[in-house]
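Here are some notes to read alongside the model. Have a look at it first, then work through the points in order.

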Amino acid sequence: MADRKISADELDRVRSSSPAKARLSRDDLDEEKHASLMAAADALKISTGPASLTSSSSTSGGGGGAAAAAAATAATAAATTLSERAPNTRVSSLSPRPGGGSSGSDDGSVVSGLKGGNNGVESRRGSTGLSWPSVGAQERLFESPEDKEKRLERAAAAVKELLECIGEDPQREGLLKTPMRMAKALMFFTKGYQELPEEIMNNAVFAEDHEEMVIVKDIGVFSLCEHHMVPFMGKVHIGYIPNGKVVGLSKIARVAEIYSRRLQVQERLTKQIAVAIQESINPQGVAVVCEAQHMCMVMRGVQKSHSSTVTSSMLGVFRDDPKTREEFLALIARPTVF
């Protein structure tokens, strides 16, 4: 049996169904369609190129080709459901990247949503709000209370094992409840996986004729370094220039909180905050500066207790216009006096 090739358009729908479904909650889909959507995406965890999906049938009956065809059909239905239930979601086409691969996300697509566009800014898994690449974040986002309890129990069992590995006795009085305490603490430290920036921002976007810089600075953030899972903490300064819309000031701080409550690296945290604001209100530009101290450099490794790290992400006019960028940097450097 000859190889079967799926068209580029069909492949786009297939591969876009998985990340785009993260924008929908169980309330948006009835149980039957939600289950169908999840199953279709799970069936399509196939590594493919941007142009076509080739499935060769084996001499034992060609089950691979039939499975791919069935998966494509299911994904097409899933994509239709998504377009009906989330009309503001735009899944862009795959475009080849020099040297192979595509310009999309880890699973081959870019999701950018919200009416008004994103001023040319596209990021991997942009509007889904999920961390990069964190496939398991979707499971945590949709899980039931019973599943959450099971997750805690598994985490507590893992902590107990760790205590034994370092030479401690989990049965002694001071450590009897430590496994569950640490499991609950870790769920809180990473609660950003259960939150989507769009759900926070959409309720506080207002039309306003203001075209001057808006800055919220000295926002405290606490996060966990994904390399050693020890804390880094500091402050974030966020500025944007409206383009007909403003967002509630507290929501700007909430976006920083959502992304910091995940396993992170500071460079990615800074960019994710900027992209989330850019996508939500399509301003003329966004600027984010993050200053933090990393315990992986203080408690271990080089053990430099007074070191700090500064990262920035400039989008739109802040990147293109040096004077605008200089104004932002000068304003955040001024001491706050009340």
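1. Which residues does Ile 238 touch, not counting residues up to four places away in sequence? The list runs Val 214, Ile 215, Val 216, Ile 219, Ile 252, Ala 256, Ile 273, Ile 277, Ala 287, Val 288 and Phe 328. Contact here means heavy atoms within 4.5 Å.

2. A quick word on what you're looking at: this is a predicted model, where local features need pLDDT of at least 70, side-chain atom pairs count only at pLDDT 80 or more, and totals for chains, interfaces and linings use all residues. Residues are numbered from 1 along each chain as its sequence is written, and side-chain values use heavy atoms, with hydrogens and water left out.

3. Now the core. The largest nonpolar core has 31 residues, and Ile 238 is among those with the most contacts inside it, along with Val 236, Tyr 240, Ile 252, Ile 273 and Ile 277. (Such a core is a set of buried Ala, Val, Leu, Ile, Met, Phe, Trp, Tyr and Cys residues joined through side-chain atoms within 4.5 Å; buried means under 20% relative accessible area, exposed over 50%, and partly exposed in between, with a 1.4 Å probe and protein chains only.) Two or more residues each come from β6, β7, β8 (245-247), α8, α9 (266-281), β10 and α10 (295-298). Helix α9 gives the largest share, seven residues. There is also a second, separate core of eight residues, including Met 213, Ile 241, Ala 287 and Ile 332.

4. On to the sheet. Five strands make an open, mixed sheet, in the order β9-β6-β7-β10-β11. β9 (263-264) and β11 (309-316) are at the edges with a single partner strand each, so one side of each has no neighbour in the sheet. Helix α8 (residues 249-260) packs on this sheet, touching β6 (214-225), β7 and β9, and its direction makes about 20° with that of β6. (Axes are lines fitted to C-alpha atoms, for helices over the stretch in contact, with angles from 0 to 180 degrees between N-to-C directions. Helices, H or I with at least four residues, and strands, E with at least two, are DSSP runs numbered from the N terminus.)

5. Inside the sheet, β7 (residues 231-241) and β10 (residues 285-294) pair in the antiparallel sense over 10 bridges; two strands pair if DSSP finds at least two bridges between them. Met 233 sits opposite Gln 293 in β10.

6. Asp 218, in strand β6, has a positive phi of about 60° although it is not a glycine. Met 229, in the loop between β6 and β7, is not a glycine either, yet has a positive phi of about 55°. Asp 218 is partly exposed at 36% relative accessible area, and Met 229 is partly exposed at 43%.

7. What about disulfides? The whole structure has zero, a disulfide being a pair of cysteine sulfur atoms within 2.5 Å. For Cys 225, the nearest cysteine sulfur is that of Cys 296, 4.3 Å away. Cys 225 is buried at 6%.

8. Last, the rings: there are two aromatic pairs. (Rings of Phe, Tyr and Trp, its six-membered ring, pair if their centres lie within 6.5 Å; planes under 30 degrees apart count as stacked, over 60 as edge-to-face and the rest as tilted.) Phe 188 and Phe 189 have ring centres 6.4 Å apart and planes at 65°, so this pair is edge-to-face. Phe 318 and Phe 328 are also an edge-to-face pair, at 5.7 Å and 70°, and both are buried.
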